[in-house]
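Okay, thanks everyone for coming.

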Amino acid sequence: MPNSSAGIDNQGLRHRQHGARNTQTAELQTSGQNGEKGAAREQPPGPDDTQHKGQKPAKHRRDADDAAQDMSRFDATDRILSVALTAACLFTRLYQIGKRATVTWDETHFGKFGAHYINGTFYHDVHPPLAKMLVGLGEYISGHNGSFAYTSGATYPAHINYTFQRAFVAVMGVFIVPFAYRTCRFLSFGRAGALMAASFVLLDNALCVISRFILLDPPLLCFTAMSLLGYAAFAAQKERPFSQPWWSWLAFTGMALGLVTSSKWVGLFIVALVGLCTVEELLTMYADGKTPAMTQLKHWAARIACLILVPLLVYISCFEVHFALLGSRGTGDYKMPSTFQALQHRSVVALQPHRVAFGSLVTLRSHKPGFGLIHTNTTLQFPDRSHANEEWVAGGMGGKQKYNWWRVVSVNTTWENDAPESPVVHIADNAIIRLAHNGTGHYLRTSHAQPHHIGWDRRMFVAGNESSTSLWDLWRVRIVDEESPRPRDQLYAVTTTFQLFNAVSGCLLQATGAELPPWGNKMSELICTNNNATWSESSLWNIEQVRDMRFKRARFGSLVKRRLIRNVVWLNREMAISNNKLVADPDRYKHTESSPWTWPLLLYPMRLSAWSNSSIKYYEIGNPVTWWASTVCCFLYPLQMLYWLVRWRRGVSSWNPHEFRKYWDTSKVLWGGWALHYLPFFLMGRVTYIHHYLPALYFALLLLAFEIQCLVRWYLPPRAIWYVVTLVLIATAYVSYMFLPLTFGCDKPIKELAHLAWLPTWNIHRNLDSV
């Protein structure tokens, strides 16, 4: 009978449990009789042996462990604390946010970029578009019409609601505090530890002041914190795989990773963090041998879909919106391919003929991003050639200039022209042409001379004229592709891809990414490579513009299709090239720029505004107490782990395996986040500033709070945590209050704050004329 069977089973289970307890008791007694003094004693959850002097009773540790079991629970008290922290953060970020009524620091860049989304004109920048689109959204809501230029130091006119624009961005910086609290709860922080961590973020002056202007850093920090929150919440669901919360937090994490990467490429660092943690989790699952193969495949598929495809979809979608909003010709469309420009409103590339013939004036664009158009003028000469040689440098230069134009002429140098009465002879595949520079009359030519950077190819230059020709001027056209519906038998503007081979040597005209010295106006070097079998993009060209009175304007909307992926890839490569050119300026005031090694030490805070006594002054400086303490914590963490690893290998560690796993799962994420957001800057050649350290600081502050919580749990009674947190936060709040005048804007003579210069490198009251 079912009921009787159930009763028998339950009774048997109780007997087995009772027997197991008796067996455990007997084992403890036996171990004690054998002299194993530590076996029967309660093992502490901390890293040290039970023989430490002053160790607290085991009861305190059991109470701490019981409290820790439910650390991730988020109840009404947590909600009240989150609301209180958010309200306090709103105050610190919004108080007197409109105090300085002039364009401050990088507002001149990002305010201007935001305005482009209102007036619809295309621009170029080194960062992905999402954060700048959010800036533009704030400007649009504030009533801005996109006409203000955000000139550095200019006073905001009356019709620009700059206070709202700053506040709109600042609110995104507010979210990092409640995100920090919720993240810590998911990472098994106690309530006191989570409050301490969120308060560290709240009371850091650098995080506060960077959120008070029209910048990209508040969205970046917001989405970084959101990504960490998503992963921490997802990791907390590991015991319930494929449940609804598990899927929700996994998808949330992927979306957040897409948002942070679409704001700044620094977001790739937290993508790497989540990726490394995910790989570790999946490899651990594979190694334990307990999970069926099909289940493991499902885990892999879920993470590929949510942590790779979702972020990629978000990233591409942001660029799609970016292109849709910037549909008119602007200051940056010259960076894009000719086919992209042909579809822009009011673009000169869209307002031209499609047909090309001998006698047409053309500009030649390389398919290699960053090269631009072939350019020359008579002021650029190779240093190993005298002026009498009359050979001038030809290279690549961005932008549309008058010295980019070339006339296509035939072999017999009849100097065909584009007059309406001139006969039309189209340029067919394998045609032989000369390219005569429109500004100087010289021909594009090569020779046996070597290029500046590449010693085994041939130099490109302009020389000769109509009365002084050479066979080295002759180029054979090979058509590679035709994008329009027209047949691929002749050259067309914009849509035809072709190569140019020198008729004498057979070498292939090729763009390079090498930059010429100042004598070459820092143009990209143009060469003729002997590797004429290549099909690389650097050997591909198209005609970007054509001037020819014999032909009518074409409707490129029917000839060219929008290719989102191609345009996204091209623009990202242009962004990378521009980013690499942001090198440090040795003539600039050294306390504005700073090296990465100085950031954790807080050696060189940064002025964000003019520093005269009459101006309102802002100083990018963190809270020294938590900044330095978090630095010590991050620097000592690897040594701490190494010490415990050695003790474990020697068999003298007292770590409970479950307790150590909990410690590792939390600390690896926080320290790894700090390391991945900080160490890569040592590999970068671009100019760096102290605000680049702020994402790493966010992780460091959370790690600091976690280490303090662990130390208290290991060595003090459980109730001591609140006393420790109170004392730490009082000290943190006091120091933060001391530096508030430099955070909220100091309008007094700066010498009144000279006492805040704790280090001689803090230029608070020195060099008053420098920024």
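Before we look at a helix pair, a word on handedness: a crossing is left-handed if the near helix is turned anticlockwise from the far one by less than a right angle, and right-handed if clockwise. By that rule, α11 passes α13 in a right-handed crossing. Two housekeeping notes: this is a predicted model, where local features need pLDDT of at least 70, side-chain atom pairs count only at pLDDT 80 or more, and totals for chains, interfaces and linings use all residues. Residues are numbered from 1 along each chain as its sequence is written, and side-chain values use heavy atoms, with hydrogens and water left out.

Back to the helices, which, like strands, are DSSP runs numbered from the N terminus (H or I, at least four residues, for helices; E, at least two, for strands). Helix α11 (residues 244-261) packs on helix α13 (residues 293-325) at about 35°, axes 7 Å apart. The axes are lines fitted to C-alpha atoms, for helices over the stretch in contact, with angles running from 0 to 180 degrees between N-to-C directions.

Now the aromatics. Rings of Phe, Tyr and Trp (its six-membered ring) pair if their centres lie within 6.5 Å; planes under 30 degrees apart are stacked, over 60 edge-to-face, and the rest tilted. We get 51 such pairs here. Take Phe371 and Trp541: their ring centres are 5.7 Å apart with planes at 80°, so that's edge-to-face. Phe371 sits in the loop between β1 (361-366) and β2 (373-381), and Trp541 in strand β12 (residues 541-547), so the pair ties together parts 170 residues apart in sequence. Both Phe371 and Trp541 are buried, meaning under 20% relative accessible area, with exposed over 50% and partly exposed in between (1.4 Å probe, protein chains only).

Tyr678 and Tyr693 are edge-to-face too, 5.4 Å centre to centre and 85° between planes. Tyr678 and Tyr693 are both buried, and they belong to a cluster of linked ring pairs that also includes Trp671 and Trp674.

Last bit: backbone. Most residues other than glycine have a negative phi. So which way does Leu602 go, positive or negative? Positive: its phi is near 55°. Leu602 lies in the loop between α15 (564-580) and β13 (606-607), and it's buried at 0% relative accessibility. Ser188 also has a positive phi, near 70°, but Ser188 is partly exposed at 26%.
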